Amino acid sequence: MAKEKKKLRLVEPPADAETRIHDDHHLSVRLWLRMLACTNRIENVVRQNLQARFATTLPRFDLMAQLERAPQGLRMSELSQRMMVTGGNVTGITDGLEKEGLVVREVDPADRRVFYVKLSTEGQRQFRRMAAEHEQWVIELFDGISVKHKNQLVELLGEVKQHVR
């Protein structure tokens with residue numbers, strides 16, 4: 001049997017909505033799609049790095065980040081609001097982190113139906129490690145952009161944020 005020669009072909013990256021936009025589309029739509037494409041690409045890198053380095057997911061990291069900012073703990077409903085996900089999602093993530101000893105649930109003494117979730121000591125330690133690397137990944141992703149342009153982007157996106165409130 002003769003070996004088949006494999007033809008090498010260039011594989012184009014999958015098109016996203018932003019790359020399919022045309023000049024005749026409204027500038028605001030083009031801007032929104034550009035911002036969305038950038039966000040999605042950055043988020044994908046962060047997701048992949050969290051999985052590869054810490055065998056964890058972005059939602060788990062996000063929940064731990066919320067708890068790190070609230071050392072007194074947060075109610076499940078507060079976590080749900082802050083993360084902008086359903087209570088069921090928060091419960092599932094919290095259950096997994098609790099099984100691993102990274103978070104603890106404490107009953108509210110004033111209302112025994114309410115639980116507060118806090119990072120455990122081990123959760124605090126692990127989150128600090130993840131957060132330090134996460135910060136480096138983000139710094140590296142923006143490394144090719146000048147400080148001047150980064151400041152301009154922060155200012156311009158601040159205006160967008162104020163405008164869309």
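**Entry 1: the loop between H1 and H2**

I began with Ala-55, whose place is in the loop between H1 and H2, and I kept in mind throughout that this is a predicted model. Its phi is near 50 degrees, which is a positive value in a residue other than glycine. I noted beside this that most residues other than glycine have a negative phi.

I next looked up Phe-54, which lies in helix H1. With a relative accessibility of 15%, Phe-54 falls under the 20% limit and therefore counts as buried. Which residues does Phe-54 contact, once its neighbours within four places in sequence are left aside? I found Asn-49, Arg-129, Met-130, Glu-133 and Trp-137. For one of these, Met-130, I also looked up the C-alpha separation from Phe-54, which is 7.4 Å although the two residues stand 76 residues apart along the chain.

**Entry 2: the loop between H3 and H4**

I looked for another positive phi and noted Met-84, where phi is near 55 degrees, again in a residue other than glycine. Met-84 is found in the loop between H3 and H4, and its relative accessible area of 74% makes it exposed.

**Entry 3: the chain as a whole**

I then went through the secondary structure of the protein chain, which comes to six helices and three strands, and wrote down their order from the N terminus as α-α-β-α-α-β-β-α-α. The chain has 165 residues, of which buried residues make up 23%. For the accessible surface I recorded about 12800 Å², with 55% of this belonging to carbon and sulfur atoms. Of the contacts between residues at least 6 apart in sequence, 46% join residues at least 24 apart.

**Entry 4: the sheet**

In what order do the three strands of the open sheet lie? I read the order as E1-E3-E2, with antiparallel pairing, and the edge strands are E1 (74–75) and E2 (103–108), each of which pairs on one side only. E1 pairs with E3 (residues 111–119) in the antiparallel sense over two bridges; in detail, Leu-74 has Val-117 in E3 as its bridge partner, while Arg-75 stands opposite Tyr-116 in E3.

I counted six bridges joining E2 to E3, which run antiparallel, and the hairpin from E2 to E3 passes through two residues. Asp-108 has its bridge partner in E3, namely Asp-111.

Helix H2 (residues 58–68) lies across E1, E2 and E3, and runs at about 100 degrees to E3. Helix H4 (residues 87–99) packs on the sheet, where H4 touches E2 and E3, and its direction makes about 115 degrees with that of E2.

**Entry 5: the largest pocket**

Last, I looked up the largest pocket, for which the volume is about 1400 Å³. Which of its 36 lining residues lie nearest the centre? I noted Met-35, Thr-39, Ile-42, Phe-142 and Leu-157. At least two residues of the lining come from each of H1 (27–54), H2, H3 (76–83), H4, H5 (121–141) and H6 (147–163).

How values were computed
Residues numbered from 1 in each chain as written. Predicted model: local features only at pLDDT ≥ 70, side-chain atom pairs only at ≥ 80, totals over all residues. Heavy atoms only, no water. Helix = DSSP H or I, 4+ residues; strand = E, 2+ residues; numbered from the N terminus. Buried < 20%, exposed > 50% of the residue type's maximum accessible area, 1.4 Å probe, protein only. Contact = heavy atoms within 4.5 Å. Areas by Shrake-Rupley, 256 points an atom, 1.4 Å probe, with all protein chains shown as cover. Pairing = 2+ DSSP bridges. Axes fitted to C-alpha atoms, helices over the stretch in contact; angles between N-to-C directions. 1 Å grid on protein atoms, 1.4 Å probe; cavity = no way out; pocket = protein on both sides within 12 Å on 5 of 7 lines; lining within 4 Å. Points joined across faces, edges and corners; volume = space filled by probe spheres on them.
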